[in-house]
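Reader: Please give me a close look at one part of this model, with the criteria behind each term stated as you go.

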Amino acid sequence: MTTDAKTTKPIMVCAFEGWNDASQAATNVIRHLVASYESREIRHIRTDSYYDLQSARPMICHVSGQARIIWPQTTFYEITVAPGTHIYAQIAPEPNYRWIDYCRNSLRIADELDVSEIVTLGSMFADCPHTRPLPVEESALRRCESSIRGGAVKDSENREKGSNPYDGPVGIPTVLDMLAEQEGFDTNSMWVSVPQYLAGDECPQGTLQILQRLSQMLGVQLNVGTLPKQSVMWKAQADVLANCNDDLKLYIRHLEDKYDLDQQLDKLSGGTVPQGDQIAQEAEEFLSHIED
């Protein structure tokens with residue numbers, strides 16, 4: 001079932017394997033869309049000058065008895081998510097070299113495809129419990145002609161309120177975002193946090209939550225397939241792991257208490273801004289309830 005599409009021009013959703021892709025939660029969104037809908041490969045970016053093949057190694061596979069080398073590469077897909085509604089998707093290992101050139105190459109392709117908006121996806125390990133909804137941070141920039149001067153954003157307040165500024169190392173999604181803004185694209189960045197104590201497994205819950213945010217942004221009810229069932233199994237396996245390790249169980253309880261306290265404080269400040277004494281009193285009552 002679909003609703004009115006959000007834009008008349010398609011968007012391009014981008015995800016990159018590696019440092020920006022904890023538990024493959026981000027790139028699995030692209031894989032899920034390609035597997036769930038009519039899709040076709042429409043562009044590639046050659047690997048020659050962007051990858052260190054000792055870190056992003058080629059793979060060998062045998063098809064019909066013939067050996068084939070599969071090189072790391074960037075693939076662009078056209079995906080029809082509803083009758084008359086399609087999006088583009090870019091998936092690749094994070095490049096090792098020449099990031100600016102790589103991003104400008106990607107944006108040239110987006111321009112050729114008449115894309116209106118660049119949406120980058122990412123996932124990161126964080127101190128969050130698997131027993132609660134995973135945190136998803138979204139930061140969007142809506143542009144208008146009057147806010148652009150010489151390829152630069154004049155009004156930084158176009159960023160949606162609630163997005164937290166970040167200072168520190170970045171990956172290719174952030175670089176692509178910033179260059180896309182300079183080139184005049186609307187941009188949107190979605191990042192999900194994944195429990196760091198489950199670093200060895202894929203995280204279908206993270207993939208599901210990004211997909212749901214993407215549905216809201218597109219105005220199209222995207223097919224979630226088996227992701228809800230996979231998420232239930234992921235949580236059940238994490239429960240078993242916690243039950244076998246008292247230290248981990250205590251750590252998860254600490255994360256749950258912190259999450260619940262943050263939610264309580266958000267409720268207290270919703271709509272109106274309460275006085276400091278009121279917040280402190282409510283927080284103390286909530287903490288004493290947890291200790292009991």
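Author: In helix α5, Leu241, Ala242 and Asn243 meet Leu248, Lys249 and Ile252 of helix α6, where contact means heavy atoms within 4.5 Å, and helices (H or I, at least four residues) and strands (E, at least two) are DSSP runs numbered from the N terminus. The model is predicted, so that local features need pLDDT of at least 70 and side-chain atom pairs count only at pLDDT 80 or more, while totals for chains, interfaces and linings use all residues. Residues are numbered from 1 along each chain as its sequence is written, and side-chain values use heavy atoms, with hydrogens and water left out.

The residues of the contact of α5 with α6 divide into 4 nonpolar, 1 polar and 1 charged; here Ala, Val, Leu, Ile, Met, Phe, Trp, Tyr, Cys and Pro count as nonpolar, Asp, Glu, Lys and Arg as charged, and the others, Gly among them, as polar. Helix α5 spans residues 227–243 and helix α6 residues 246–269, and they pack at an angle of about 120° with their axes 6 Å apart. That angle makes α5 oblique to α6, since under 35 degrees counts as roughly parallel, over 145 as roughly antiparallel, 65 to 115 as roughly perpendicular and the rest as oblique. The axes are lines fitted to C-alpha atoms, for helices over the stretch in contact, and angles run from 0 to 180 degrees between N-to-C directions.

For a further local detail, Gln209 sits in helix α4 (residues 204–218) and is buried at 10% relative accessibility, buried being under 20% relative accessible area, exposed over 50% and partly exposed in between (1.4 Å probe, protein chains only).
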